[in-house]
Amino acid sequence: MKKLITLFCLVSMAFAAQAQRGGQFRALLFTKTMGWYHYSIHSGVDAVQGLAARHTFSVDWQENASVFNEERLKNYDVVIFLNTTGDILNDEQQAAFEKYIQNGGGWVGVHSAADTEYDWEWYTKMLGMMFRTHPREQTAMLDIMDRSFPGMERWADRQIWTDEWYQYRQPALTDDLNYLIKVDESTYDPSRKLRDGSTTEGMGDFHPIAWYHEYDGGRAFYTGLGHKDDIYKDQAYLDHLYGGIYWAATGKGIKK
């Protein structure tokens with residue numbers, strides 16, 4: 001009897017280990033920085049690993065860009081740039097990642113993924129809008145623009161939120177972005193003095209903060225939310241982030 005129990009436990013552990021490695025899809029979490037370093041990266045990594053356990057997908061956390069080669073990228077259904085900054089991939093790695101997306105891969109960008117690879121035109125079009133500047137951290141009101149996207153179901157139509165409100169360069173670099181959330185600039189002070197002495201007053205009436213689109217054979221999702229540590233413990237945010245990961249990895253979840 002003891003042998004049967006032991007065998008059962010070993011088989012169960014094997015199945016559990018297999019599920020941990022595979023799950024319903026496979027994610028690469030990438031956090032390399034060559035510019036500003038967000039200390040919330042640590043909380044973000046914990047959050048994504050928690051989402052992997054909760055939603056039964058596997059996640060590999062890397063900061064070494066050597067993972068960006070054709071053979072290794074074949075192991076993943078989605079690549080997540082979590083608060084990356086600066087020029088993080090060389091030309092060969094960029095080419096491998098482009099091919100990965102062209103073969104149907106998914107990408108998720110969080111917050112300062114928009115402060116990454118400004119000179120890589122393909123990447124900037126995949127992201128859709130690049131970072132320009134931001135004012136100090138403040139509380140503002142968010143307006144939900146689209147509930148058809150996974151993870152947005154339980155958000156209030158108008159949501160109070162505290163974050164670092166990125167302003168993005170305009171116009172958008174592609175005309176097919178599907179906007180999910182915008183921030184109401186009338187509810188906070190968007191002004192910021194720039195290095196040249198001028199002052200930016202924000203993006204105006206339309207200030208998107210999260211969006212998605214299909215791109216070059218694959219899928220891309222971006223959220224500007226995610227600067228502060230505590231955000232990664234907020235269930236609304238975790239729903240939002242997982243919705244983007246799930247859609248980018250599988251192409252599923254959007255209400256028709």
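What does the protein chain average in pLDDT, and what share of the residues score at least 70?

**View 1. Confidence along the predicted model.** This model is predicted. The protein chain averages a pLDDT of 90. A score of at least 70 is reached by 91% of the residues. Residues 1–20 stay under 50. For that stretch, the model has 2 contacts beyond four places in sequence.

**View 2. The largest nonpolar core.** This core has 77 residues. Those with the most contacts inside the core are Phe68, Phe81, Phe97, Trp107, Tyr123, Ile181 and Ile245. Helix 6, spanning residues 235–250, gives the most to the core, with 9 residues. In soluble globular proteins, nonpolar side chains tend to be buried together.

**View 3. Surroundings of Phe68.** Phe68 is among the residues with the most contacts inside the core. Which residues does Phe68 touch, not counting those up to four places away in sequence? They include three other phenylalanines: Phe30, Phe81 and Phe97. Leu28, Leu73, Leu89, Val79 and Ala96 also touch Phe68.

View 4. Asp146 sits in the loop between strand 6 (138–144) and strand 7 (158–163). The residue is buried yet has no salt bridge. Arg147 carries the nearest side chain of opposite charge, 8.3 Å away. What joins the side chains of Asp146 and Ser148? A polar contact of 2.6 Å does. Leaving aside neighbours within four places in sequence, Asp146 is in contact with Met152, Tyr179, Leu180 and Tyr212.

**View 5. A cis peptide bond at Pro171.** The bond from Gln170 to Pro171 is cis. Its omega is near 5 degrees. Pro171 lies in the loop between strand 8 (167–168) and strand 9 (178–184).

**View 6. His111, with a positive phi.** His111 is not a glycine, yet its phi is positive, at about 50 degrees. The residue lies in the loop between strand 4 (106–110) and helix 5 (121–127). Is His111 buried or exposed? His111 counts as buried because its relative accessibility is 0%, and the cut-off for buried is under 20%.

**View 7. Asp216, with a positive phi.** Phi of Asp216 is near 50 degrees, a positive value in a residue other than glycine. Asp216 is placed in the loop between strand 12 (208–215) and strand 13 (218–223). With a relative accessible area of 37%, Asp216 is partly exposed.

Note on methods:
Residues numbered from 1 in each chain as written. Predicted model: local features only at pLDDT ≥ 70, side-chain atom pairs only at ≥ 80, totals over all residues. Heavy atoms only, no water. Core = buried A, V, L, I, M, F, W, Y, C linked by side-chain atoms within 4.5 Å. Buried < 20%, exposed > 50% of the residue type's maximum accessible area, 1.4 Å probe, protein only. Helix = DSSP H or I, 4+ residues; strand = E, 2+ residues; numbered from the N terminus. Contact = heavy atoms within 4.5 Å. pLDDT = per-residue confidence, 0-100. Lys, Arg positive; Asp, Glu negative; His and termini not counted. Salt bridge = Lys/Arg side-chain N within 4 Å of Asp/Glu carboxyl O. Polar contact = N/O pair within 3.5 Å; in protein donor to acceptor, adjacent residues only side chain to side chain.
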